Amino acid sequence: MEQANFTPIRLGMVGGGTGAFIGQVHRYAARLDRAYELIAGALSSRPDVALSSGAALGLAPDRCYTDFTEMARAEAAREDGIEAVAIVTPNHMHFAPAKAFLEAGIHVICDKPMTAHLHEAEELTRIAQSSGAKFLLTQTYSGYPLVRQARQMVAEGKLGAIRLVQVEYAQDWLARPADPDNKQAAWRSDPARSGRGGAIADIGTHAYHLARYITGLPVTQIAAQLNTFVPGRLVDDHAQATLRFEGGAMGTLWASQVAVGSENGLKIRIVGEDASLEWQQENPNQMAYARLGEARQIITRGGSDVRIPPGHPEGYLEAFATLYTDFARAIRGQSGADALLPQLPDGLEGMQFIDACLRSSDNDGAWVTMA
């Protein structure tokens, strides 16, 4: 990935103040290829934290806001106002800021899932389509080089017709009741802030998007069982689903945050009539490729569109940065820059996936049709 060869995008941020993990990740990603300059922020819902966080990041005092609505209005009115905003808040605070900035004509970069509720995603889609501003959903794993290569190989027919898709995302960090002081666990376990979906929304959407992104196959029906193993938890912490893809392929999806012994185990296997692919996030620079009747091959990250030479691993932060840089190129009007990016339709479909899993599980795992 080459450094950006254009004037950096003027970037704002909502959320991501002092102590926020994902805000720092977004800032690293925005800086890595010099494609953005962070110049404004409403970094916390607490005014004192918003102002102190902005000062700590070197933002000008008049660009440190305590309210995102005021930030959208003020920045849209400035000749040097922000061109894009990153929304790095808990799920329930995605819709309102995204709406405010899209209506102001400012491009939006938003964490997944798109919103906390399906009806919000539907409304946000209408708003974005009428605003003319672009929308990026940070489905991080679509930025890994080998994920993009897998997508290309499937599209080129190197696996033949797809028959089976197995994807899983296993973690164990919520295997016990969450520490009340753990902010990351607290909001994810609170349906008022996360939405009704727990593990299925937090990591299940990553697994679902990875399957859709690589195969390109629409999902027509889902049968899901969502479970809550930790007593007192108000959202699911474990999910298993069976997927029917358009064209006849079948899939399984497992997402768990109580899988003891798993750290960040995102894995996918795609089986076609001629060959198969296997990739896992914890070893992201290698992918297994096996053709029927031939020796299994290990494909390594390489090619020209990489930041560092093969043999030097690229991972999570670089994948995040790939999405940011591709989006910056799309904003600057470079042809084809957004072809591989997760955008509005992906965000809406992710919410439809959560909704379908909840409907199915509420009906004892019955097959349901995607919205």
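Me: How far apart are the end C-alpha atoms of helix H5 (residues 118–131)?
Reply: They are 20 Å apart, which agrees with the 20 Å that 14 residues should span at 1.5 Å a residue (1.5 Å times one less than the number of residues). Helices are DSSP runs of H or I with at least four residues, strands are runs of E with at least two, and both are numbered from the N terminus.

Me: What kind of model is this, and how are residues numbered?
Reply: The model is predicted, with local features needing pLDDT of at least 70, side-chain atom pairs counting only at pLDDT 80 or more, and totals for chains, interfaces and linings using all residues. Numbering starts from 1 along each chain as its sequence is written, and side-chain values use heavy atoms, without hydrogens and water.

Me: Which residues of H5 are buried?
Reply: Leu118, Glu120, Ala121, Leu124, Thr125, Ile127 and Ala128 (buried is under 20% relative accessible area, 1.4 Å probe, protein chains only). They pack against helix H4 (95–103), strand E5 (135–137) and helix H12 (344–362).

Me: At what angle do H4 and H5 pack?
Reply: About 15 degrees, with the axes 9 Å apart (lines fitted to C-alpha atoms over the stretch in contact; angles run from 0 to 180 degrees between N-to-C directions). That makes H4 roughly parallel to H5 (under 35 degrees; over 145 is roughly antiparallel).

Me: And how do H5 and H12 cross?
Reply: At roughly 165 degrees, their axes coming within 9 Å, so the two helices are roughly antiparallel. Leu118 and Gln129 are among the H5 residues in that contact, and Leu344 and Asp355 among those of H12 (heavy atoms within 4.5 Å).

Me: What follows H5?
Reply: Glycine 132, with a positive phi near 85 degrees.

Key: Buried means under 20% relative accessible area, exposed over 50%, partly exposed in between (1.4 Å probe, protein chains only). Angles under 35 degrees count as roughly parallel, over 145 as roughly antiparallel, 65 to 115 as roughly perpendicular and the rest as oblique.
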